Amino acid sequence: MSTRSRTITATVGIALLSIVALLPFYIMVVMGTYKNEDLFTKIVLYPGNYLAENFKTVAASRFDLAYWNSFVVSAASTLLSVFVSALAGFAFAKYDFKFKSKIFGAVLLTMMIPGQLGLVAYVIEMRYLNLSDTLMPLILPWVANAFGVYWMTQFIRGAVPVEVIESARIDGCTDLGIFFRIVLPFIYPALTTLSLLVFLWSWNNYLLPLIVINKPEMYTIPLGITTLGSAYRTDLAAQILGLSIGTLPVLVLFAIGSKSFIRGLTAGSVKG
């Protein structure tokens, strides 16, 4: 097979895979333009004429407030998680201290325990601290992100040369100065990758808000979508439209940071 034939075959294959991957998103957007009852009577493949009414239903449910709550939670969770994980990863990767291996093993051990097992204790703790029905219970779990610590530790071990750190220390740079001036520029792909993952996980989180949030004004997008409709009628079309709107920030972020995301994944998989 000639080079031209291989190129055409690869292009056609990638195009077909792209269509298969994007088709669910297209169907989701199209379903949001139909009346709820129409979704049960036919297969929708092209846009309908009920978009304005569904949008009114979404707007009437204070969906903008849920959107803002989700943004605050996801942004704060991402910043805190990435910062703490990078600091911890730097310590585990480049410092020697007592019980280092045991502490790191304890961090990895928490990854093997399903988070659902600690929900009851977590809810009780939040009530004891008077943080129930606030956004803080949705942010705090991401501060202690075991995966983030592991990810940063492995990346810093291979990406940041010890000689650079030692040279900075000889020049009088403090440990925090080394972290902010030397380490962070080296691990930018890892920071971007972890930021996208934490933002996505926090944005789509449904179980934790369902348990710890009771006030409608504190709802995030997953909870806000479930409220669309009435007590006697579940408006699936409006919910799907809300889901489409809620997906936009994630798509935009991944479109902007896709190169750094892939670079971080590939660089983190190569050691040495």
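Start with M136: once you ignore neighbours within four places in sequence, it is in contact with Y122 and L131. Bear in mind that this is a predicted model. M136 sits in helix α6, which covers residues 136-143. Its relative accessible area is 36%, so M136 counts as partly exposed, the band between the 20% and 50% cut-offs.

What about the rest of α6? Its buried residues are P137, L138, I139 and W142, and these pack against α3, α5 (119-128), α10 and α11 (207-212).

Of those partners, let's follow α3 (residues 63-94). This helix packs on α7 (residues 146-159) at an angle of about 50°, with the axes 7 Å apart. That angle is why the pair counts as oblique, and the crossing is right-handed. On the α3 side, the meeting residues are V82, S85, A86, A88, G89, F90, F92, A93 and K94, while α7 brings G148, V149, M152, T153, I156 and R157. By class, that contact has nine nonpolar, four polar and two charged residues.

α3 also crosses α9, where the axes come within 12 Å at roughly 110°; α3 and α9 are therefore roughly perpendicular. Here F83, A86, L87 and F90 of α3 meet D175, I178, F179, F180 and V183 of α9. The tally for this contact is eight nonpolar, no polar and one charged.

Several of these names come back in the largest nonpolar core, which has 22 residues; the ones touching the most other members are F90, M152, I156, I178, V183 and I187. Two or more residues of this core come from each of α3, α7, α8 (162-170), α9 (175-186) and α10 (188-203). M152 shows how the pieces join up: beyond four places in sequence, its contacts are V82, S85, A86, G89, I187, A190, L191 and L194.

And that brings us back to where we began. There's a second, separate core of 14 residues, with L138, L208, V212 and I213 among them. L138 is one of the buried residues of α6, the helix that also holds M136.

Methods. Residues numbered from 1 in each chain as written. Predicted model: local features only at pLDDT ≥ 70, side-chain atom pairs only at ≥ 80, totals over all residues. Heavy atoms only, no water. Helix = DSSP H or I, 4+ residues; strand = E, 2+ residues; numbered from the N terminus. Buried < 20%, exposed > 50% of the residue type's maximum accessible area, 1.4 Å probe, protein only. Contact = heavy atoms within 4.5 Å. Axes fitted to C-alpha atoms, helices over the stretch in contact; angles between N-to-C directions. Parallel < 35°, antiparallel > 145°, perpendicular 65-115°, else oblique. Left-handed = near helix turned anticlockwise from the far one by under 90°. Nonpolar A, V, L, I, M, F, W, Y, C, P; charged D, E, K, R; others polar. Core = buried A, V, L, I, M, F, W, Y, C linked by side-chain atoms within 4.5 Å.
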